[in-house]
Amino acid sequence: MKKIVLALGGNALGNTLKEQKVAVKTAAKAIVDLIEGDLEIVITHGNGPQVGMINLAMETAQKYDDSFYHIPMYTCVAMTQGYIGQDIQNAISEELAARGMSRPVATVVTQTLVDANDPAFDDPTKPIGAFYTEEEAKVLIERGEQLKEDSGRGWRHVVASPLPIDIVESSTVQVLLDAGHVPIAGGGGGIAVTKNSQGHFEGASAVVDKDFVSAKLAEILNADTLIILTAIDYAYQNFEQPNQEAIVKVDVEEAQKYVDEGHFAPGSMLPKVQAAISFAKSAPGRQAIIAKLDHAQDILTGKTGTTVVG
């Protein structure tokens with residue numbers, strides 16, 4: 001049976017709980033389409049808008065009440081894993097039941113090991129939370145907050161985004177797969193942790209990119225395919241330019257050439273392509289596909305999406 005890691009983007013899940021409950025029902029239909037194909041499926045998801053909203057709410061509460069305990073970023077990520085995972089697992093279970101299928105779905109609270117000396121901690125780049133205008137961003141920056149422009153869509157808060165070294169609960173995910181379950185893991189890129197001198201895990205003030213974590217988890221689980229779902233059908237050369245061209249199938253060398261030429265926006269398509277390259281070259285026969293959520297049935301047949309092969 002083929003094993004697939006399927007990565008959902010945080011922006012595809014909406015910005016509010018109400019939007020999320022609607023969005024996960026759409027995602028669940030696509031996911032169950034793949035489950036019907038007799039595949040082992042592991043689901044990961046982003047949390048960019050959601051973790052930013054939680055972090056902002058906690059910071060705002062602390063400003064109005066200095067007795068309010070500061071909630072660190074790694075705790076905010078854990079919170080998003082819980083409530084996003086619950087909505088996804090319930091939506092998948094309902095869709096399975098509607099099709100007369102039965103398959104247990106479970107969310108795993110997942111930690112991602114990162115290097116405490118990763119240079120990303122010196123240059124925060126990972127966008128989280130709401131979008132601001134340039135004028136609003138300037139005011140926040142003057143207050144000492146860190147914001148950067150995000151791919152022409154507006155300004156957002158940024159935090160450190162170190163690379164994943166290991167997925168702490170990967171063996172638990174494998175046990176669930178072996179038992180016929182559909183695990184949801186690595187939510188929001190996992191809870192970023194480092195190891196102290198005693199070998200114990202400690203939470204880190206960071207958000208790990210969910211696409212890199214999905215690639216790392218797929219590699220550890222020895223998956224056949226990594227599918228990164230996004231808002232567009234393909235990765236493109238010269239995106240949104242008169243000469244834009246869909247990238248249909250490339251090997252890792254050609255994909256890296258497009259990266260080096262600057263075809264992909266940082267914080268948007270770039271990490272998806274980089275994660276696809278990382279997984280595809282991790283072992284012979286592996287492939288990564290970047291495709292649109294509502295075309296799940298056509299993804300594995302090569303009718304849609306950008307496929308990167310080793």
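## Cavity

A search of the whole structure, which is a predicted model, finds 1 cavity of 30 Å³ or more. On a 1 Å grid over the protein atoms alone, a cavity is a set of points where a 1.4 Å probe fits but cannot get out, while a pocket is an open set with protein on both sides within 12 Å along at least five of seven lines; lining residues have an atom within 4 Å of a point. Grid points are joined across faces, edges and corners, and a volume is the space filled by probe spheres set on the points. The largest cavity holds about 40 Å³ of space.

Its lining consists of Ala235, Ile247, Val250, Ala255, Tyr258, Phe264, Val273, Ile290, Thr306 and Val308. By class, the lining of the largest cavity has 9 nonpolar residues, 1 polar and no charged. Here Ala, Val, Leu, Ile, Met, Phe, Trp, Tyr, Cys and Pro count as nonpolar, Asp, Glu, Lys and Arg as charged, and the others, Gly among them, as polar. Helix H7 (252–260) and strand E17 (306–309) each supply at least two of the lining residues. Helices (H or I, at least four residues) and strands (E, at least two) are DSSP runs, numbered from the N terminus.

## Basis of the model

Residues are numbered from 1 along each chain as its sequence is written. In this predicted model, local features need pLDDT of at least 70 and side-chain atom pairs count only at pLDDT 80 or more, whereas totals for chains, interfaces and linings use all residues; side-chain values use heavy atoms, with hydrogens and water left out.

## Second largest pocket

The second largest pocket has about 330 Å³ of space. It is lined by 19 residues, and the closest to its centre are Asn55, Glu59, Met73, Val158 and Val159. Helix H2 (48–64), strand E5 (126–132) and strand E7 (155–159) each give at least two residues to this lining. The lining of the second largest pocket divides into 9 nonpolar, 8 polar and 2 charged residues.

All 6 of the 6 residues of strand E1 (residues 3–8) are buried, so the strand is largely enclosed by the rest of the structure. Buried means under 20% relative accessible area, exposed over 50%, and partly exposed in between (1.4 Å probe, protein chains only). Both faces of E1 are covered, with Lys3, Val5 and Ala7 buried on one side and Ile4, Leu6 and Leu8 buried on the other.

E1 pairs with strand E2 (residues 40–45) in the parallel sense over 6 bridges; two strands pair if DSSP finds at least two bridges between them. Val5 has Val42 as its bridge partner in E2. E1 also runs parallel to strand E12 (residues 225–230), to which 4 bridges join it. In E12, Ala7 has Ile228 as its bridge partner.

Ile228 lies in E12 and counts as buried because its relative accessibility is 0%. Leaving aside neighbours within four places in sequence, Ile228 is in contact (heavy atoms within 4.5 Å) with Ala7, Asp211, Lys272, Ala275, Ala276, Ile289, Ile290 and Ala291. The C-alpha atoms of Ile228 and Ala275 are separated by 9.0 Å, and the two residues are 47 residues apart along the chain.

Helix H8 (residues 269–280) has 12 residues and reaches 17 Å from its first C-alpha to its last, close to the 16 Å expected at 1.5 Å a residue. The expected span is 1.5 Å times one less than the number of residues. H8 is mostly covered, with 10 of its 12 residues buried. Among the buried residues of H8 are Lys272, Val273, Ala275 and Ala276. The buried residues of H8 pack against helix H6 (210–220), E12, E13, H7, strand E16 (287–292) and E17.

## Thr112

Thr112 is found in strand E4 (residues 111–113) and counts as buried because its relative accessibility is 0%. Not counting residues up to four places away in sequence, Thr112 touches Pro164, Asp166, Ile167, Gly189, Gly190, Ile191, Ala192, Val193, Val208 and Val213.

Most residues other than glycine have a negative phi. Asn238 is not a glycine, yet has a positive phi of about 50°. Asn238 sits in the loop between strand E13 (235–237) and strand E14 (245–247) and, at 24% relative accessibility, counts as partly exposed.

Glu240 lies in the loop between E13 and E14. Glu240 is not a glycine either, and has a positive phi of about 65°. With a relative accessible area of 63%, Glu240 is exposed.
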